[in-house]
Amino acid sequence: MSTSRSFDSLRLSKPELAVFVSGVASMGLEILAGRMIAPQFGSSIYTWGGIIGVFLAALSYGYHRGGKLAARQATNDRMARVFLLTAAYVAGLIFLGDLLLRATSGFPLPSRFASLPAITLLFGPPTYLLGYISPYAAELSAKESLGEASGHVYALGTIGSIVGAFATTYFLIPSLGVEQIALIFGLLSVATAVVLARPGVGRDQAVASGFVVVLLLAAIGSGAAGLSVEGRVVYETQTPYQELQVVDLGDTRTLYLDGQRHSAMDKSDPDRHVFDYTRYFHLPLLMTDDVDRVLFVGGGGFTGPKRFAEDYDVTVDVAEIDPEVIDAAERYFDVEESENLNVYNTGGRQYLQETNRTYDLIVLDAYQKDKVPFELTTEEFMRLADSRLSEDGVLFANVISAPTGPASKFYRAEYKTMSQVFPHVYSFPTAGSGVVQNIEVVATKNDSVVTEEQLLARNDRRNIGIDLESEIRNYQRTTETGDVPVLRDDRAPVDSLLDPMVGQRYVIQQSNESGSSNETPSLVASGPGRYAAGVQTPSVLPVAASVRRQ
């Protein structure tokens, strides 16, 4: 008898079920918002702050409006309608989400606020609707006092939010795509509406529920409207960190992470450097006399690690934090571990903290969409890297910024930070001055300055398998750093330093592997924080997205 009563006590009433599911759905949609917004606006602190703020504002307004109406309108049927409206809006997200993201990216706002219109339009309405559920449920609660009813509702809603957060983060995102996850929340809302309307589900409610299910299935079946990556999608998945796609166009295979090109491989010549700036990875071989062990922080398509492991008698270790990136590189980019190539599924800073190995060269080429993770930019990290370098070791960092002007702040701050630790720091802009580009920053532990003339002479004398004369000609010994901060763990304002880059032209050089390079089509701003291809050629994937790293 007591066991039967304990089970009965665990059984949720309809209002309790509604509150629990609203918590699951609202928090699940909040986590999902980060994955949908990141490909267009990045995943900076500003983006996540905007997501959290919009969701709280929408829920608060829903609580307010629902509370005013609850005394007169709170019924299970009305809660069912709220869930059906939420599911219908989710169907619109699936079908029109990408188009709405691109449309809202054109608002003339500073980059830190650029994502707010998209977050508000895409996720404000369904979150507002879900806000009605808690006051309605409190009004319908069987609890005797108002305080007890309110506390019970808050507790159930919070438990639902916890379930939604953990389920979405640890189970749904690693296993399913964004559209499939949205479909699950849509169907969950419809199912809850049906339960709330039972046992007397009327004809109108049945038709409405069926119509919304058809909308959801039609949206998921037809695919998203608007622009998409051009080329044949060979593979796509949601990783714990980002959206991943492998796309073929002609002989070029490209790895997209959160909608941005991160690596490209010529299928007819897999070892060729598609983009010129990856040729600079070989410059450290002219700046130190003996390289036996190399660490790459960031794998992507493994262009650099593959070349080093195959062309030189060196051991190459790669620290790549995303297991799905490693898997895609092995399956689609001809990456295979060997005696010379070791791949570790870990973050770069964590790897350096835990390893006792010493490296002659460390290459930093890790990006989250369009920026270096801040923990890889600080003075503390540079000192950690210095401690893992040999006596004549070299640190190489691929930085996306401008070499001069307002858009150069991030590069100059990184240069200044590295200069706090290393005796000499050199820069090699890849596309002239005044434009956003890849700037290769090289720091050495050797006390002697290496001149441009010495590098040219070593390029002629040493057989490193690649002619770097044109790259060496971009030699830049000093940089003005008086107006930029040193980046530290307790203050690394990477996002604000990158703000001046918004709207700037980004130029990337295409390699022809003959020692010279050709400029690819200019990339011009298509909205805050975005760069779009202005001209298209067969050698460059014509897609409205930034080209970020190889």
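Modeller: Start with Phe302, in the loop between S5 and H10. Helices (H or I, at least four residues) and strands (E, at least two) are DSSP runs, numbered from the N terminus. This is a predicted model: local features need pLDDT of at least 70, side-chain atom pairs count only at pLDDT 80 or more, and totals for chains, interfaces and linings use all residues. Residues are numbered from 1 along each chain as its sequence is written, and side-chain values use heavy atoms, without hydrogens and water.

Colleague: Is Phe302 buried or exposed?

Modeller: Buried means under 20% relative accessible area, exposed over 50%, partly exposed in between (1.4 Å probe, protein chains only). Phe302 has 0% relative accessibility, so the residue counts as buried.

Colleague: What is the phi of Phe302?

Modeller: Most residues other than glycine have a negative phi. Phe302 is not a glycine, yet its phi is positive, at about 65°.

Colleague: Where is Asp334, and what is its relative accessible area?

Modeller: Asp334 also has a positive phi, about 55°, and is not a glycine. Asp334 lies in the loop between helix H11 (323-332) and S7. Asp334 is partly exposed, with a relative accessible area of 47%.

Colleague: How many residues of helix H10 are buried?

Modeller: H10 spans residues 303-311 and is mostly covered. Its buried residues include Thr303, Pro305 and Phe308. Among the elements covering them are strand S4 (260-266) and strand S8 (359-364). The count of buried residues in H10 is seven of nine.

Methods:
Contact = heavy atoms within 4.5 Å.
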